[in-house]
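This briefing covers side-chain contacts, grouped by topic. Please read it alongside the sequence and the model.

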Amino acid sequence: MRKLKHSIAAIGLSSLLVAAGCSNDDSNGDDFSENVNYTISGIESGAGIMQAADRALDEYDSLEGWTLLPSSTGPMAIALDNAIRDEDPIIITGWTPHWMFAKYDLKYLEDPKKALGETEHISTMAREGLEKDNPDAYKLLDQFKWSVEEIESVMLEASEEGDPEAAARNWIEDNPDRVAEWTNGVAEGNGQEISLTYTEQDTELASTNVLKHVFEDLGYEVTITPVDIAIMWQSVATGEADATLGGWLPTTHGDLYNEYKDQLVDLGANLEGAKLGLVVPSYVEADSIEDLKPKE
Ligand code: PBE
């Protein structure tokens, strides 16, 4: 089930490095599956994408006997970086938006059974009563929408500079017209408090920090709190948080959405065109999950 996020990070890295393979001449053909040791390098076990990848393991004969290795997003990215440097084979749980697609030449393996879903969107969820208590904050949350390209530019800068807040501020400065669309008709605040919960993923760090600064520039006091994915949904449903920008739907967080949808307000997509998949560097020959080979 959804559990511990951080404690596995340390062991995660070393096992991912092993999973990423050690030899050079092995990115192609049937050897690929063997050379990654029939192991997909994953992220936190509580993440929706891990459940989706588990479904792929169940549904594809080509993934018979494979292992989905949980870790954390940071170590997974390091393992990917190391593998690419040596042109080693690796297969990861990947998603869009993510800066890794801007930084490396990667491809999604085709997923004809749609085990990892089709197009996803990221939705904003507000607590019940927020519209009445704070109609302007609600309006801004409702009007916040951007594109994969926009969020990826914030994510890339945040990952390169290691400072998501600065990346968010810079983007706001560079994109006043976009910010004006979101704040159109929203009255200035005078210190009203807004609380947002998010999962500590680059996507959510980018969107949450951007909106935090837009709110603050308008005179609101914003608290942002990183939590586990299940808690993110629960906090909005119980009213402990005012909103979250990190609802991945319909597949990734589908079960949590169904659990809580009657206790929160779905403000719809703040980003269209998100996606989950099994991702490999483009030098890997396989193009489809069906090109992989079951473990004998
Ligand atoms: N993600 C990104 C998430 C949330 C943020 C796709 C990795 C997941 O729950 O899988």
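A residue is called buried when its relative accessible area is under 20%, exposed when that area is over 50%, and partly exposed in between, using a 1.4 Å probe and protein chains only. By that scale Glu-204 is buried, because its relative accessibility is 2%. The model is a predicted one: local features need pLDDT of at least 70, side-chain atom pairs count only at pLDDT 80 or more, and totals for chains, interfaces and linings use all residues. Residues are numbered from 1 along each chain as its sequence is written, and side-chain values use heavy atoms, with hydrogens and water left out.

**Surroundings of Glu-204**

- Glu-204 belongs to helix α11; helices (H or I, at least four residues) and strands (E, at least two) are DSSP runs numbered from the N terminus.
- The side chains of Glu-204 and Trp-248 are joined by a polar contact of 2.9 Å. Such a contact is a pair of N or O atoms within 3.5 Å; within protein, one must be able to donate a hydrogen and the other to accept it, and residues adjacent in sequence count only if both atoms are side-chain atoms.
- Leaving aside residues up to four places away in sequence, Glu-204 touches Ile-122, Tyr-198, Thr-199, Asn-209, Gly-246 and Trp-248, where contact means heavy atoms within 4.5 Å.

**Aromatic pairs**

- Over the whole structure, a search finds nine aromatic pairs. Rings of Phe, Tyr and Trp (its six-membered ring) pair if their centres lie within 6.5 Å; planes under 30 degrees apart count as stacked, over 60 as edge-to-face and the rest as tilted.
- Phe-144 and Trp-146 make a tilted pair, because their planes are at 50°, with ring centres 5.5 Å apart.
- Phe-144 also pairs with Trp-182, edge-to-face, at 4.7 Å centre to centre and 80° between the planes.
- This second pair links distant parts of the chain, 38 residues apart: Phe-144 is in the loop between α7 (135–143) and α8 (148–161), and Trp-182 is in helix α10 (residues 176–183).
- Phe-144 is buried at 1% relative accessibility, Trp-182 is buried at 1%, and Trp-146 is buried with a relative accessible area of 5%.
- One aromatic cluster is formed by Phe-144, Trp-146, Trp-171 and Trp-182.

**Charges over rings**

- The charged end of Lys-113 sits over the ring of Tyr-60, 5.6 Å from the ring centre. The rule requires NZ of Lys or CZ of Arg within 6 Å of the ring centre and within 35 degrees of the ring normal.
- Lys-275 has its charged end over the ring of Tyr-108, 4.7 Å from the centre of that ring.

**Salt bridges**

- The count of salt bridges comes to 10, each being a side-chain nitrogen of Lys or Arg within 4 Å of a carboxyl oxygen of Asp or Glu.
- Arg-178 and Glu-150 meet in a salt bridge of 2.6 Å, N to O. Arg-178 lies in helix α10 and Glu-150 in helix α8, so this bridge ties together parts 28 residues apart in sequence.
- Glu-150 is buried, at 16% relative accessibility.
- Asp-133 bridges to Arg-127, with the closest N and O atoms 3.0 Å apart; Arg-127 is buried, with a relative accessible area of 15%.
- Glu-216 and Lys-212 form a salt bridge whose closest N and O atoms are 3.3 Å apart. Both residues lie in helix α11 (residues 202–217), four residues apart, about one turn of the helix.
- Glu-216 is partly exposed at 30% relative accessibility, whereas Lys-212 is buried at 13%.
- A network of salt bridges links Glu-165, Arg-169, Lys-212 and Glu-216.
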